[in-house]
Amino acid sequence: MKTIAQFYTLFWIIYFPTCIAFNELDGFGWIDEIMTVILMAFTFLNSSVSLNREPRGEYRLFLGILAFYVVYGLIFGENIEKAVLRDMVQWIRPFSVIYCTWILNPRFTERQKNVMLISMLVTLGAWFLYHPEVNVGADAEFPVLGQLAMCTGMTWYLWKPDNQKNAYIALAIVLSGMLAPKFKFMGEVVCFVGFVFFLRGKLQFKSPKTMLALVVLLAVTLYVTWEKFDIYYVSGLNSNELARPMSYRIAFTEIIWDYFPFGPGMGTWGCAAAADYYSPLLYKYHMSRVWGCDPTNPMFVADAFYPTLAQLGVVGIILFCIFWRRRLIAMNEIEDMRYYRVAWITFFCLLIEQTADTSFLSGKGMGFCMLLALCLNANRNMEEEEDEEEEDEEDGEELAFSTSEKNAPLVREN
(Lines give C-alpha, C1' and ligand atoms only; values in the text may rest on other atoms or scores of the structure.)
Protein backbone atom coordinates (compact mmCIF):
# COMPACT_ATOMS: atom_id res chain seq x y z
CA MET A 1 0.00 0.00 0.00
CA LYS A 2 2.94 2.32 0.67
CA THR A 3 4.20 1.80 -2.90
CA ILE A 4 0.74 2.56 -4.29
CA ALA A 5 0.55 5.85 -2.38
CA GLN A 6 4.06 6.83 -3.53
CA PHE A 7 3.23 6.03 -7.15
CA TYR A 8 -0.03 7.94 -7.08
CA THR A 9 1.57 10.95 -5.40
CA LEU A 10 4.08 11.17 -8.25
CA PHE A 11 1.31 10.58 -10.80
CA TRP A 12 -0.72 13.43 -9.28
CA ILE A 13 2.22 15.85 -9.19
CA ILE A 14 3.03 15.22 -12.86
CA TYR A 15 -0.58 15.28 -14.05
CA PHE A 16 -1.81 18.78 -13.16
CA PRO A 17 0.93 20.87 -14.80
CA THR A 18 1.31 18.68 -17.90
CA CYS A 19 -2.26 17.59 -18.66
CA ILE A 20 -4.25 20.64 -17.51
CA ALA A 21 -2.21 23.80 -16.95
CA PHE A 22 0.23 23.59 -19.86
CA ASN A 23 -1.23 20.86 -22.03
CA GLU A 24 -1.05 23.14 -25.08
CA LEU A 25 2.76 23.28 -24.99
CA ASP A 26 4.80 21.31 -27.49
CA GLY A 27 5.82 17.92 -26.16
CA PHE A 28 2.81 17.50 -23.86
CA GLY A 29 0.38 16.38 -26.56
CA TRP A 30 0.48 12.66 -25.80
CA ILE A 31 1.42 12.74 -22.12
CA ASP A 32 -2.16 12.11 -20.92
CA GLU A 33 -2.33 8.96 -23.04
CA ILE A 34 1.05 7.81 -21.75
CA MET A 35 0.02 8.45 -18.15
CA THR A 36 -3.22 6.53 -18.65
CA VAL A 37 -1.33 3.50 -19.98
CA ILE A 38 1.13 3.68 -17.06
CA LEU A 39 -1.77 3.89 -14.55
CA MET A 40 -3.51 0.90 -16.15
CA ALA A 41 -0.30 -1.16 -16.19
CA PHE A 42 0.49 -0.28 -12.57
CA THR A 43 -3.05 -1.23 -11.55
CA PHE A 44 -2.92 -4.62 -13.28
CA LEU A 45 0.48 -5.35 -11.71
CA ASN A 46 -0.58 -4.31 -8.21
CA SER A 47 -4.28 -5.07 -8.07
CA SER A 48 -3.63 -8.17 -5.94
CA VAL A 49 -2.07 -5.92 -3.27
CA SER A 50 -4.84 -3.32 -3.22
CA LEU A 51 -7.61 -3.78 -0.69
CA ASN A 52 -10.49 -2.70 -2.90
CA ARG A 53 -11.54 -5.52 -5.21
CA GLU A 54 -15.14 -4.35 -5.61
CA PRO A 55 -14.70 -2.43 -8.92
CA ARG A 56 -12.59 -5.07 -10.71
CA GLY A 57 -15.46 -7.02 -12.24
CA GLU A 58 -17.17 -3.86 -13.45
CA TYR A 59 -13.90 -2.60 -14.94
CA ARG A 60 -13.46 -5.86 -16.88
CA LEU A 61 -17.04 -5.53 -18.10
CA PHE A 62 -16.35 -1.99 -19.30
CA LEU A 63 -13.25 -3.15 -21.20
CA GLY A 64 -15.33 -5.91 -22.79
CA ILE A 65 -18.04 -3.44 -23.88
CA LEU A 66 -15.39 -1.09 -25.27
CA ALA A 67 -13.81 -3.99 -27.18
CA PHE A 68 -17.21 -4.80 -28.68
CA TYR A 69 -17.66 -1.20 -29.88
CA VAL A 70 -14.16 -1.17 -31.34
CA VAL A 71 -14.80 -4.37 -33.31
CA TYR A 72 -18.24 -3.08 -34.33
CA GLY A 73 -16.69 0.19 -35.52
CA LEU A 74 -13.97 -1.57 -37.48
CA ILE A 75 -16.48 -3.83 -39.24
CA PHE A 76 -19.65 -1.73 -39.57
CA GLY A 77 -18.52 1.80 -38.68
CA GLU A 78 -18.92 4.83 -40.94
CA ASN A 79 -15.33 6.10 -40.52
CA ILE A 80 -11.89 4.64 -41.20
CA GLU A 81 -10.03 2.28 -38.85
CA LYS A 82 -7.65 5.00 -37.60
CA ALA A 83 -10.62 7.07 -36.41
CA VAL A 84 -12.03 4.10 -34.47
CA LEU A 85 -8.71 3.41 -32.75
CA ARG A 86 -8.13 7.09 -31.98
CA ASP A 87 -11.58 7.33 -30.39
CA MET A 88 -10.95 4.13 -28.42
CA VAL A 89 -7.93 5.78 -26.79
CA GLN A 90 -10.12 8.68 -25.72
CA TRP A 91 -12.95 6.56 -24.35
CA ILE A 92 -10.70 4.27 -22.36
CA ARG A 93 -9.09 7.20 -20.51
CA PRO A 94 -11.75 8.61 -18.14
CA PHE A 95 -13.25 5.25 -17.18
CA SER A 96 -9.82 3.70 -16.61
CA VAL A 97 -8.75 6.62 -14.42
CA ILE A 98 -11.90 6.20 -12.30
CA TYR A 99 -11.69 2.41 -12.06
CA CYS A 100 -7.90 2.21 -11.58
CA THR A 101 -7.86 4.86 -8.84
CA TRP A 102 -10.84 3.15 -7.21
CA ILE A 103 -9.12 -0.25 -7.34
CA LEU A 104 -5.70 0.99 -6.16
CA ASN A 105 -7.29 2.95 -3.30
CA PRO A 106 -4.19 5.06 -2.52
CA ARG A 107 -4.03 6.10 1.15
CA PHE A 108 -1.81 9.16 1.43
CA THR A 109 0.16 10.34 4.42
CA GLU A 110 -0.28 13.93 5.59
CA ARG A 111 3.13 14.75 4.12
CA GLN A 112 2.11 13.33 0.71
CA LYS A 113 -1.14 15.30 0.77
CA ASN A 114 0.73 18.52 1.53
CA VAL A 115 3.26 17.88 -1.26
CA MET A 116 0.44 17.26 -3.75
CA LEU A 117 -1.44 20.38 -2.63
CA ILE A 118 1.67 22.55 -2.86
CA SER A 119 2.37 21.25 -6.38
CA MET A 120 -1.18 22.20 -7.41
CA LEU A 121 -0.90 25.70 -5.92
CA VAL A 122 2.47 26.22 -7.60
CA THR A 123 0.97 25.03 -10.90
CA LEU A 124 -1.94 27.47 -10.51
CA GLY A 125 0.46 30.34 -9.78
CA ALA A 126 2.71 29.38 -12.69
CA TRP A 127 -0.33 29.42 -14.99
CA PHE A 128 -1.01 33.06 -14.11
CA LEU A 129 2.64 33.95 -14.69
CA TYR A 130 2.51 32.24 -18.09
CA HIS A 131 -0.66 34.18 -19.03
CA PRO A 132 0.06 37.80 -18.07
CA GLU A 133 -2.87 38.99 -20.20
CA VAL A 134 -5.20 37.69 -17.46
CA ASN A 135 -3.39 39.71 -14.81
CA VAL A 136 -4.06 42.98 -16.61
CA GLY A 137 -7.77 42.28 -16.90
CA ALA A 138 -8.00 41.23 -20.52
CA ASP A 139 -11.44 40.12 -21.66
CA ALA A 140 -10.49 36.53 -22.36
CA GLU A 141 -11.83 33.10 -21.50
CA PHE A 142 -9.60 30.23 -20.42
CA PRO A 143 -11.49 26.98 -19.69
CA VAL A 144 -8.27 25.37 -18.43
CA LEU A 145 -8.04 27.91 -15.60
CA GLY A 146 -11.48 27.01 -14.29
CA GLN A 147 -10.71 23.29 -14.28
CA LEU A 148 -7.38 23.82 -12.53
CA ALA A 149 -8.82 26.23 -9.94
CA MET A 150 -11.80 23.96 -9.20
CA CYS A 151 -9.66 20.83 -8.74
CA THR A 152 -7.19 22.70 -6.53
CA GLY A 153 -9.95 24.21 -4.39
CA MET A 154 -11.72 20.87 -3.94
CA THR A 155 -8.45 19.16 -3.01
CA TRP A 156 -7.72 21.84 -0.40
CA TYR A 157 -11.20 21.42 1.07
CA LEU A 158 -10.82 17.63 1.09
CA TRP A 159 -7.42 17.35 2.72
CA LYS A 160 -7.31 20.25 5.16
CA PRO A 161 -9.03 20.22 8.59
CA ASP A 162 -12.79 20.54 8.35
CA ASN A 163 -13.48 24.10 9.48
CA GLN A 164 -14.88 27.36 8.12
CA LYS A 165 -11.44 28.88 7.60
CA ASN A 166 -10.33 26.15 5.20
CA ALA A 167 -13.70 26.19 3.45
CA TYR A 168 -13.24 29.90 2.68
CA ILE A 169 -9.63 29.34 1.56
CA ALA A 170 -10.88 26.61 -0.79
CA LEU A 171 -13.51 29.01 -2.13
CA ALA A 172 -10.88 31.70 -2.70
CA ILE A 173 -8.80 29.22 -4.71
CA VAL A 174 -11.85 28.25 -6.78
CA LEU A 175 -12.74 31.90 -7.39
CA SER A 176 -9.32 32.53 -8.92
CA GLY A 177 -10.83 30.83 -11.98
CA MET A 178 -13.24 33.77 -12.29
CA LEU A 179 -10.38 35.96 -13.52
CA ALA A 180 -10.88 34.46 -16.97
CA PRO A 181 -14.10 32.47 -16.73
CA LYS A 182 -16.14 30.46 -19.18
CA PHE A 183 -19.88 30.69 -18.58
CA LYS A 184 -20.09 27.05 -17.56
CA PHE A 185 -17.48 27.63 -14.85
CA MET A 186 -19.81 30.16 -13.21
CA GLY A 187 -22.35 27.36 -12.86
CA GLU A 188 -19.69 25.12 -11.30
CA VAL A 189 -18.88 27.84 -8.74
CA VAL A 190 -22.57 27.98 -7.81
CA CYS A 191 -22.48 24.21 -7.19
CA PHE A 192 -19.32 24.50 -5.07
CA VAL A 193 -20.83 27.22 -2.88
CA GLY A 194 -24.14 25.38 -2.61
CA PHE A 195 -22.66 22.06 -1.51
CA VAL A 196 -19.86 23.35 0.73
CA PHE A 197 -21.68 26.16 2.54
CA PHE A 198 -25.36 25.18 2.46
CA LEU A 199 -25.52 21.37 2.42
CA ARG A 200 -25.67 20.15 6.03
CA GLY A 201 -26.76 16.55 5.49
CA LYS A 202 -27.06 13.97 2.76
CA LEU A 203 -29.41 14.51 -0.16
CA GLN A 204 -32.74 12.77 0.38
CA PHE A 205 -34.18 12.47 -3.11
CA LYS A 206 -37.62 11.49 -1.81
CA SER A 207 -37.74 14.60 0.36
CA PRO A 208 -39.60 17.66 -1.02
CA LYS A 209 -37.08 19.87 0.78
CA THR A 210 -34.15 18.26 -1.06
CA MET A 211 -35.91 18.47 -4.41
CA LEU A 212 -36.72 22.13 -3.80
CA ALA A 213 -33.06 22.82 -2.93
CA LEU A 214 -31.90 21.13 -6.15
CA VAL A 215 -34.42 23.12 -8.18
CA VAL A 216 -33.13 26.34 -6.59
CA LEU A 217 -29.53 25.29 -7.34
CA LEU A 218 -30.48 24.57 -10.95
CA ALA A 219 -32.32 27.89 -11.23
CA VAL A 220 -29.35 29.87 -9.91
CA THR A 221 -26.99 27.99 -12.22
CA LEU A 222 -29.19 28.73 -15.24
CA TYR A 223 -29.49 32.37 -14.18
CA VAL A 224 -25.73 32.98 -14.15
CA THR A 225 -25.20 31.07 -17.41
CA TRP A 226 -28.41 31.94 -19.24
CA GLU A 227 -26.86 34.07 -21.98
CA LYS A 228 -24.84 31.22 -23.46
CA PHE A 229 -27.37 28.55 -22.44
CA ASP A 230 -30.11 30.27 -24.43
CA ILE A 231 -27.89 30.75 -27.49
CA TYR A 232 -26.87 27.11 -27.67
CA TYR A 233 -29.72 25.09 -26.14
CA VAL A 234 -32.96 27.07 -26.41
CA SER A 235 -33.29 29.55 -29.26
CA GLY A 236 -30.15 28.19 -30.92
CA LEU A 237 -31.62 24.70 -31.46
CA ASN A 238 -33.52 25.97 -34.47
CA SER A 239 -30.40 27.43 -36.06
CA ASN A 240 -28.62 25.82 -39.00
CA GLU A 241 -25.57 28.03 -38.57
CA LEU A 242 -24.35 27.26 -35.05
CA ALA A 243 -22.26 24.10 -34.78
CA ARG A 244 -23.00 23.12 -31.18
CA PRO A 245 -26.83 23.20 -31.22
CA MET A 246 -26.85 21.54 -34.64
CA SER A 247 -24.61 18.78 -33.31
CA TYR A 248 -27.02 18.16 -30.43
CA ARG A 249 -30.14 18.23 -32.58
CA ILE A 250 -28.81 15.91 -35.27
CA ALA A 251 -27.31 13.52 -32.73
CA PHE A 252 -30.50 12.88 -30.79
CA THR A 253 -33.19 13.33 -33.44
CA GLU A 254 -31.53 11.65 -36.41
CA ILE A 255 -28.32 9.68 -35.84
CA ILE A 256 -29.46 7.43 -32.98
CA TRP A 257 -32.53 6.40 -35.00
CA ASP A 258 -30.79 6.14 -38.37
CA TYR A 259 -28.19 3.80 -36.83
CA PHE A 260 -30.31 1.94 -34.29
CA PRO A 261 -29.32 0.31 -31.93
CA PHE A 262 -25.48 0.47 -31.79
CA GLY A 263 -24.88 3.75 -33.62
CA PRO A 264 -22.64 4.61 -36.58
CA GLY A 265 -19.51 3.49 -34.76
CA MET A 266 -16.71 5.15 -32.81
CA GLY A 267 -14.91 8.12 -34.34
CA THR A 268 -17.92 9.30 -36.34
CA TRP A 269 -19.63 12.14 -34.44
CA GLY A 270 -18.75 14.92 -31.99
CA CYS A 271 -15.27 13.66 -31.11
CA ALA A 272 -11.68 14.56 -31.94
CA ALA A 273 -11.34 11.52 -34.22
CA ALA A 274 -14.32 12.69 -36.29
CA ALA A 275 -12.49 15.97 -36.87
CA ASP A 276 -9.00 14.57 -37.42
CA TYR A 277 -10.22 11.84 -39.78
CA TYR A 278 -13.08 13.83 -41.24
CA SER A 279 -16.21 11.77 -40.68
CA PRO A 280 -18.55 11.01 -43.62
CA LEU A 281 -21.47 11.78 -41.30
CA LEU A 282 -20.51 15.45 -41.35
CA TYR A 283 -21.28 15.46 -45.06
CA LYS A 284 -24.37 13.29 -44.73
CA TYR A 285 -26.02 15.57 -42.15
CA HIS A 286 -24.76 18.79 -43.79
CA MET A 287 -22.50 19.82 -40.88
CA SER A 288 -19.70 20.32 -43.41
CA ARG A 289 -21.47 23.53 -44.51
CA VAL A 290 -21.31 25.06 -41.00
CA TRP A 291 -18.44 27.37 -40.12
CA GLY A 292 -15.97 25.58 -37.89
CA CYS A 293 -17.08 22.15 -39.11
CA ASP A 294 -15.91 22.17 -42.72
CA PRO A 295 -13.00 19.92 -43.77
CA THR A 296 -10.50 22.80 -43.85
CA ASN A 297 -11.44 24.09 -40.37
CA PRO A 298 -13.12 21.39 -38.20
CA MET A 299 -12.42 23.17 -34.89
CA PHE A 300 -16.04 22.90 -33.65
CA VAL A 301 -16.71 19.29 -34.62
CA ALA A 302 -15.79 18.16 -31.09
CA ASP A 303 -17.41 21.03 -29.21
CA ALA A 304 -19.58 19.20 -26.65
CA PHE A 305 -19.48 15.73 -25.10
CA TYR A 306 -23.12 14.65 -25.05
CA PRO A 307 -23.63 14.53 -28.84
CA THR A 308 -20.68 12.10 -28.92
CA LEU A 309 -22.90 9.48 -27.24
CA ALA A 310 -24.97 9.23 -30.42
CA GLN A 311 -22.16 7.37 -32.16
CA LEU A 312 -22.65 4.53 -29.63
CA GLY A 313 -26.36 4.31 -30.36
CA VAL A 314 -29.28 3.81 -27.98
CA VAL A 315 -27.51 0.87 -26.33
CA GLY A 316 -24.40 2.95 -25.61
CA ILE A 317 -26.47 5.79 -24.14
CA ILE A 318 -28.30 3.35 -21.84
CA LEU A 319 -24.99 1.81 -20.70
CA PHE A 320 -23.55 5.28 -20.03
CA CYS A 321 -26.59 6.15 -17.90
CA ILE A 322 -26.29 2.85 -15.99
CA PHE A 323 -22.65 3.62 -15.22
CA TRP A 324 -23.52 7.01 -13.71
CA ARG A 325 -26.57 5.66 -11.89
CA ARG A 326 -24.31 3.18 -10.11
CA ARG A 327 -21.86 5.97 -9.25
CA LEU A 328 -24.63 8.20 -7.89
CA ILE A 329 -25.86 5.40 -5.63
CA ALA A 330 -22.30 4.85 -4.34
CA MET A 331 -21.78 8.60 -3.86
CA ASN A 332 -24.91 8.90 -1.75
CA GLU A 333 -23.56 6.22 0.60
CA ILE A 334 -20.39 8.17 1.47
CA GLU A 335 -20.39 8.89 5.22
CA ASP A 336 -17.73 11.60 5.53
CA MET A 337 -19.50 14.83 4.56
CA ARG A 338 -16.36 16.40 3.07
CA TYR A 339 -15.89 13.50 0.66
CA TYR A 340 -19.65 13.41 0.09
CA ARG A 341 -19.72 17.09 -0.91
CA VAL A 342 -16.65 16.85 -3.15
CA ALA A 343 -18.05 13.77 -4.91
CA TRP A 344 -21.25 15.62 -5.75
CA ILE A 345 -19.42 18.80 -6.76
CA THR A 346 -17.24 16.72 -9.07
CA PHE A 347 -20.29 15.07 -10.61
CA PHE A 348 -22.00 18.40 -11.25
CA CYS A 349 -18.79 19.89 -12.66
CA LEU A 350 -18.59 17.04 -15.16
CA LEU A 351 -22.32 17.35 -15.87
CA ILE A 352 -22.02 21.08 -16.60
CA GLU A 353 -18.59 21.03 -18.23
CA GLN A 354 -19.56 18.53 -20.90
CA THR A 355 -22.49 20.57 -22.20
CA ALA A 356 -19.94 22.72 -24.04
CA ASP A 357 -16.70 20.76 -23.92
CA THR A 358 -15.27 17.29 -24.49
CA SER A 359 -12.76 17.40 -21.64
CA PHE A 360 -14.27 14.21 -20.16
CA LEU A 361 -12.62 12.36 -23.04
CA SER A 362 -9.37 14.36 -22.86
CA GLY A 363 -6.53 14.66 -20.38
CA LYS A 364 -8.14 17.74 -18.85
CA GLY A 365 -10.97 15.66 -17.39
CA MET A 366 -8.72 13.20 -15.58
CA GLY A 367 -8.47 15.44 -12.51
CA PHE A 368 -12.22 15.26 -11.86
CA CYS A 369 -12.13 11.49 -12.41
CA MET A 370 -9.29 11.07 -9.91
CA LEU A 371 -11.07 13.11 -7.26
CA LEU A 372 -14.32 11.21 -7.76
CA ALA A 373 -12.59 7.84 -7.35
CA LEU A 374 -10.82 8.98 -4.17
CA CYS A 375 -14.22 9.95 -2.74
CA LEU A 376 -15.69 6.54 -3.64
CA ASN A 377 -13.05 4.94 -1.39
CA ALA A 378 -13.89 7.15 1.61
CA ASN A 379 -16.08 4.63 3.47
CA ARG A 380 -13.60 1.79 3.04
CA ASN A 381 -10.72 3.93 4.29
CA MET A 382 -12.76 5.15 7.26
CA GLU A 383 -13.53 1.55 8.27
CA GLU A 384 -9.88 0.54 7.88
CA GLU A 385 -8.72 3.48 10.00
CA GLU A 386 -11.20 2.52 12.73
CA ASP A 387 -9.99 -1.10 12.62
CA GLU A 388 -6.36 0.05 12.84
CA GLU A 389 -7.17 2.26 15.83
CA GLU A 390 -8.88 -0.68 17.57
CA GLU A 391 -5.86 -2.91 16.86
CA ASP A 392 -3.51 -0.26 18.23
CA GLU A 393 -5.63 0.00 21.38
CA GLU A 394 -5.63 -3.79 21.80
CA ASP A 395 -1.87 -3.93 21.26
CA GLY A 396 -1.45 -1.16 23.82
CA GLU A 397 -3.57 -3.02 26.35
CA GLU A 398 -1.64 -6.25 25.76
CA LEU A 399 1.66 -4.41 26.14
CA ALA A 400 0.49 -2.76 29.35
CA PHE A 401 -0.74 -6.12 30.71
CA SER A 402 2.51 -7.92 29.87
CA THR A 403 4.53 -5.09 31.39
CA SER A 404 2.51 -5.18 34.61
CA GLU A 405 2.98 -8.95 34.81
CA LYS A 406 6.71 -8.57 34.32
CA ASN A 407 7.00 -5.91 37.02
CA ALA A 408 4.69 -7.69 39.51
CA PRO A 409 6.44 -8.60 42.81
CA LEU A 410 7.34 -12.26 43.24
CA VAL A 411 5.54 -14.00 46.12
CA ARG A 412 7.60 -16.65 47.93
CA GLU A 413 5.68 -19.76 48.95
CA ASN A 414 6.25 -20.76 52.55
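This is a predicted model: local features need pLDDT of at least 70, side-chain atom pairs count only at pLDDT 80 or more; totals for chains, interfaces and linings use all residues.
Q: How do the axes of helix H5 and helix H7 cross, and at what angle?
A: An angle over 145 degrees counts as roughly antiparallel. The axes of H5, residues 110-130, and H7, residues 143-159, come within 10 Å and cross at roughly 155°. The two helices are therefore roughly antiparallel to each other.

Q: Is the crossing of H5 and H7 left-handed or right-handed?
A: The crossing of this pair is left-handed.

Q: Which residues of H5 and H7 make the contact?
A: From H5, the contributors include Met116, Leu117, Met120, Leu121, Leu124, Trp127 and Phe128. Among those from H7 are Val144, Leu145, Leu148, Cys151, Trp156 and Trp159. Glu110 and Lys113 of H5 also take part, as do Thr152 and Thr155 of H7. By class, the contact of H5 with H7 has 14 nonpolar, three polar and two charged residues.

Q: How many disulfides does the structure hold?
A: A disulfide is a covalent bond between the sulfur atoms of two cysteines. The structure holds zero disulfides. Take cysteine 191 as a case: the nearest cysteine sulfur belongs to cysteine 349 and is 6.5 Å away.

Q: Is cysteine 191 buried or exposed?
A: Buried means under 20% relative accessible area. Cysteine 191 has 2% relative accessibility and therefore counts as buried. Cysteine 100 is buried too, with a relative accessible area of 0%.

Q: What does methionine 40 touch, leaving out residues up to four places away in sequence?
A: Methionine 40 touches Tyr59, Ile92, Ser96 and Cys100. Methionine 40 itself lies in helix H2, residues 31-46. At 13% relative accessibility, methionine 40 counts as buried. The C-alpha atoms of methionine 40 and tyrosine 99 are separated by 9.3 Å, and these two residues are 59 residues apart along the chain.

Q: Where is valine 314 found, and what does valine 314 touch?
A: Valine 314 is in helix H14, which spans residues 313-331. Not counting residues up to four places away in sequence, valine 314 touches Ile256, Trp257, Phe260 and Pro261. Its relative accessibility is 19%, so valine 314 counts as buried under the 20% cut-off. Glycine 263 lies 51 residues from valine 314 along the chain, and their C-alpha atoms are separated by 7.1 Å.

Q: Is the peptide bond from phenylalanine 260 to proline 261 cis or trans?
A: This peptide bond is cis, with omega near 5°. Proline 261 sits in the loop between helix H11 (243-258) and helix H12 (272-276). Both residues of this bond, Phe260 and Pro261, are touched by valine 314.

Q: Is phi of asparagine 105 positive or negative?
A: Asparagine 105 has a positive phi of about 50°, although this residue is not a glycine. Asparagine 105 lies in the loop between helix H4 (81-104) and H5. At 0% relative accessibility, asparagine 105 counts as buried.

Q: What is phi of histidine 286, and is histidine 286 buried or partly exposed?
A: Phi of histidine 286 is near 65°, a positive value in a residue other than glycine. Histidine 286 is placed in the loop between helix H13 (280-284) and H14. With a relative accessible area of 42%, histidine 286 is partly exposed.

Notes
Residues are numbered from 1 along each chain as its sequence is written. Side-chain values use heavy atoms; hydrogens and water are left out. Axes are lines fitted to C-alpha atoms, for helices over the stretch in contact, and angles run from 0 to 180 degrees between N-to-C directions. Helices (H or I, at least four residues) and strands (E, at least two) are DSSP runs, numbered from the N terminus. Angles under 35 degrees count as roughly parallel, over 145 as roughly antiparallel, 65 to 115 as roughly perpendicular and the rest as oblique. A crossing is left-handed if the near helix is turned anticlockwise from the far one by less than a right angle, and right-handed if clockwise. Contact means heavy atoms within 4.5 Å. Ala, Val, Leu, Ile, Met, Phe, Trp, Tyr, Cys and Pro count as nonpolar, Asp, Glu, Lys and Arg as charged, and the others, Gly among them, as polar. A disulfide is a pair of cysteine sulfur atoms within 2.5 Å. Buried means under 20% relative accessible area, exposed over 50%, partly exposed in between (1.4 Å probe, protein chains only).
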